[in-house]
Amino acid sequence: MSLPLILAVDDDPALLAAVERELRTRYAPDYGICCLSTPADALDLLEQRTQAGEDVALVLAAEELAGAPGSEFLGEVARFCPHAQRALLIGWENLGVPETGDAIFEAIAQGRIDHYVVRPAPPPDEQFHQALSSFLLAWAEARRRASHTIEVVGETWSGRAYELREVLGRCAMPHRFHLAGSEEGQAVLAGTGPRKLPLIVMPTGAVMEDPSNTDIARSAGKELDPSGDRYDLVIVGCGPAGLSAAVYGASEGLRTVVIDSGSIGGQATSSSSIRNYLGFQRGITGAELARRAFQQAWVFGARFAFMQQVTHLSREDDGIVVGLDTGGVVVAGAVVLATGASYRRLGVDSLEALHGAGVFYGAAASEAPLVAGKEVVIVGGANSAGQAAVHLAAYAERVTVVIRAASLEAGMSSYLVHQVEGTPNIEVRTGTEVVGGGGDGWLDHLVLRDRSSGELEKVGAYGLFLMIGAQPHTQWLPPTVERDAAGFVVTGSELGDDAVGTFGRRPMVQETSIAGVLAAGDVRHGSIKRVASAVGEGSIAIQSVHRLLAV
Ligand SMILES: Cc1cc2nc3c(=O)[nH]c(=O)nc-3n(C[C@H](O)[C@H](O)[C@H](O)COP(=O)(O)OP(=O)(O)OC[C@H]3O[C@@H](n4cnc5c(N)ncnc54)[C@H](O)[C@@H]3O)c2cc1C
């Protein structure tokens, strides 16, 4: 089997030579290197390679190639090798130039490129190689070739084998799955001997037959039984808000434990690229962000208890008592609730496959420039959907709001209903639902169903925004924790006067109706549902924790 390919294309011989030198000196032992001067030759080569079943890891292209934008060529590359990472080489002098930034944004938004990188300076240019390493890591993770990858072997894709993959995903643990009958599955089983399936083989070589979720967490050294202990701070939930609270709490000397019913990262682990988080100019996968934050908190001294659900919370004389589904109990000086929320899913498989490629849960504001001049569909009839429709209508050619109910009035404030109805390029389709759709790498159509007649209609759509409600993970909380109508935890100045009476003081920022229990991130009423906001709230909560513990 030949080495995976790194291909660079540039019609300027001197610039191409500089890139080739860097590629050969650093990557030749592990990758095939090829440098060409025309897009046509490059596409021919890619076609041959992929027909031969060979892998292409990375394609780099000049900003301009044969008088056309290099991003056009990189867009073509995806036809042959959809897993290859594609990056535009830009001149250092173009960094910060508005037109270059706009062109990169558009090319990324339209899926023609994955990244950009500044052309290499004379060696050693560690920044160039740091960027290339991150592209190659993204490719390796997508191809399940990352180091320390766990092997999973099962008889079918579904059932317990699927559950194991799901748990590993929630643990942000790189893994790859093989059917037992496949060549790769047989190769793994040859090393383990006959075993009960499904099984997993850890990077250490340890084999586990049909492990429980807790076994998986324990095997990665990530399981702690916190019961019976007392901590300054118990954080419930290990998404971005909980991880941030852990970093700040532990680094500021608090004895801290984070408990999660899954593992690290929360919702963020399902994001393939977070592009709007400060400091990650080329984006970062949610899993990688979570892994980094976990290690940061761990080294500061935070402890983690995974695969353990918090089921009980009460304020007792000696502190706040947190009950676990294992039957264990932990006592805390203060608690941060960071249990997040999940968007209700639409449940249409072909559309779930296009999540992030034209199909979005919430997040309308940041995606708006993407849909300029295009057809957009919003599913949902609450205020969030109304606001998104008005916002997107300023960009899109046409916005169609699809609701199951007979009218918008059922779920939307009347001022918004008027705004929606008064916007010429918004159409509302009542009594309708989205039942299908698809596209080649990006959404291009939806199938709508009229709920009364059952009639199906195929409509063109470039963007689908699903705003069918976020469900906070708060069902387990006692009734004494005040929540809004949707179940989000009410905090701080939004608590009624009762809280002042009970506490004998004003509630602190992010403090819930139980003194000493704070909320951070998506679970909090009024929170902005973003990674950065969750991280911010996690850190702010720690300031209140210090004040609470000092009392
Ligand atoms: C697909 C997708 C893509 C996204 N992309 C972006 C993006 O590009 N940019 C951006 O800014 N935002 C994005 N978001 C939103 C962002 O991920 C969330 O705003 C953020 O994760 C919220 O963090 P959190 O810590 O408040 O909650 P969560 O991430 O929801 O984490 C909550 C954690 O609490 C745990 N938990 C829940 N209940 C219990 C319990 N009873 N006991 C123990 N543990 C419990 C859960 O297992 C989970 O790990 C995206 C969201 C999704 C779903």
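This is a predicted model: local features need pLDDT of at least 70, side-chain atom pairs count only at pLDDT 80 or more; totals for chains, interfaces and linings use all residues.
**Close-up 1. The shell around the ligand.** Which residues come nearest to the ligand? They are Asp 260, Gln 267, Asn 276, Asp 522 and Val 531, out of 33 residues around the ligand (a residue counts as near if one of its heavy atoms lies within 4 Å). By class, the shell holds 13 nonpolar, 15 polar and five charged residues; Ala, Val, Leu, Ile, Met, Phe, Trp, Tyr, Cys and Pro count as nonpolar, Asp, Glu, Lys and Arg as charged, and the others, Gly among them, as polar.

**Close-up 2. Helix 9 against helix 16.** Helix 9 (residues 240-251) packs with helix 16 (residues 531-550) at an angle of about 35°, and their axes are 7 Å apart. Axes are lines fitted to C-alpha atoms over the stretch in contact, with angles from 0 to 180 degrees between N-to-C directions; helices are DSSP runs of H or I with at least four residues, and strands are runs of E with at least two, numbered from the N terminus. Helix 9 contributes Pro 240, Ala 241, Ser 244, Ala 245, Tyr 248 and Gly 249 to the contact, and helix 16 contributes Val 531, Ala 534, Val 535, Gly 538, Ser 539 and Ile 542 (heavy atoms within 4.5 Å). Eight of these residues are nonpolar, four are polar and none is charged.

**Close-up 3. Two cis peptide bonds.** Pro 123 and Pro 124 are joined by a cis peptide bond with omega about -5°, and Pro 124 is in the loop between strand 7 (115-118) and helix 5 (126-142). Another cis bond, with omega about -5°, links Leu 197 to Pro 198, which lies in the loop between helix 7 (183-192) and strand 10 (199-201).

**Notes for all views.** Residues are numbered from 1 along each chain as its sequence is written, and side-chain values use heavy atoms, leaving out hydrogens and water. Local features need pLDDT of at least 70 and side-chain atom pairs count only at pLDDT 80 or more, while totals for chains, interfaces and linings use all residues.
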